[in-house]
Amino acid sequence: MKNLTRAALALAVCFAVAGSGLLLAGHAWAQAPAKASQEPAKPKPQYKASSILIEPVDPGDVPMPATFQVAIYEYLIDQVTKTKKFQHVYRSGDKAAAGASDLITLRTRAEKFKMGSEKKREVTTVAGATKIKLKLLITDHDGKVLADPDVEGAVHFMGGNLNATYDFAKHVADIIRDLFI
Amino acid sequence: MKTLIAERIYSHSDGRNQPGRSTHWRAGVLAVAAAVLLVPAAIPVFGQQAAQPSSGEAAQAPADKNNATCIIGLEHIKHNARGKLTVEADALQFVTEKGTAKIPIASIEDLFAGKDDQQVFHGLGGTAIKAGVPYEGGRVLSLFSRETGTLTVQYRDSNGGLHGAIFVLAKGQGTVFKRQCVAKGAKASTPAEEPEKEEKKP
């Protein structure tokens, strides 16, 4: 009888130790990603500038229609202005930009273009997407590259093909928000 | 089959057959079926009516009512605004209910005429109609689209800043407007193509 009681006690202690160990491990595992999410993995550089010059799209070798190039340029000006990070957003060729001391220049070069079909998109849901991919180049007044990410824009379901250019401009505006104070 | 089921339901619920109600039910089913058959038949006619001003003489002389949508690119004009696009003596003019925008012909650096497709049921209203059709039936409505023309204008403002305006017009109108602007002295990197004419079969 005594042996049985001792064995039961030992088993209970074992279970308690194992249970608490599992609890601690689970707690530690749960805490780790929370800490990681609180601290940004890489501190992003924060630049400050009062004005930005936006250049038209360089199509390069990509057969991008002029309508898309113009839409990208116009939506970029629209969306960058909406970020309210700059006092002046200059268009390409604007004479007033020459006098700006801390002028940032934003250039785009086409890398990929795939024309879709609105009809296909709406009928099938999975086919007919219009996709664009451009290299974004943001340089300061001295020509130093501040950022050069590849940015994509797409329209997968609703809307016309030109909505891909709007999507692209929205992504660029997000980058501008992250990059500039 | 459905009417038989309906009759059975009526006979169960009331304890007796009600021929009057089943007749109403049949009439309802027939009306719905007729509507389903007639709506797709009417849609192409609707699309053709909208596309008619684009061809022939109507394309040469824009109508008095709104003939274009400015997608983007004009100062003080909202995106996707409907209005009347005309070529005046010295400017390309776009008039909406809320304002007027002029692009001086001399400031135009390049012109591009293109074509695109537009859904017959487009915009907020069209999306609502499609969403309202049960059993994903709105996808059938998405099959109906019409060809449209586009006119892209690159021009400079008084400060030298580059602008780009995009207009969506009826089929073939983009080329017509491009030719008119080029005739008045606007620059264009590519020659204006002849408007596409429908081939008449013998």
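**Reading helix H2 of chain A**

Biologist: Which hand does the crossing of H2(A) and H4(A) have?

Modeller: The crossing of H2(A) and H4(A) is right-handed, where right-handed means that the near helix is turned clockwise from the far one by less than a right angle, and left-handed anticlockwise. This is a predicted model, in which local features need pLDDT of at least 70 and side-chain atom pairs pLDDT 80 or more, whereas totals for chains, interfaces and linings use all residues. Residues are numbered from 1 along each chain as its sequence is written, with chains lettered from A and ligands numbered from 1 in the order written.

Biologist: At what angle do the axes of H2(A) and H4(A) cross?

Modeller: Two packed helices are described by the angle and the distance between their axes. Here the axes of H2(A) and H4(A), the latter covering residues 163-179, cross at roughly 35 degrees and come within 8 Å. Residues making this contact include A:Phe68 and A:Tyr75 of H2(A) and A:Phe168 and A:Ile176 of H4(A).

Biologist: How many residues of H2(A) are buried?

Modeller: H2(A) is mostly covered, with 13 of its 18 residues buried, that is, having 20 or more other C-beta atoms within 10 Å of their own C-beta, placed from the backbone. After H2(A) comes A:Lys84, which has a positive phi near 60 degrees.

Biologist: Which element gives the most to the side of chain A that touches chain B?

Modeller: The contact takes 22 residues from chain A and 23 residues from chain B, counting residues whose C-beta atoms, placed from the backbone, lie within 7 Å. On the side of chain A that touches chain B, H2(A) gives the most, with seven residues.

Technical notes: Two residues are in contact if their C-beta atoms, placed from the backbone, lie within 7 Å. Helices (H or I, at least four residues) and strands (E, at least two) are DSSP runs, numbered from the N terminus. Axes are lines fitted to C-alpha atoms, for helices over the stretch in contact, and angles run from 0 to 180 degrees between N-to-C directions. A residue is buried if 20 or more other C-beta atoms lie within 10 Å of its own, exposed if 12 or fewer, and partly exposed in between; C-beta atoms are placed from the backbone.
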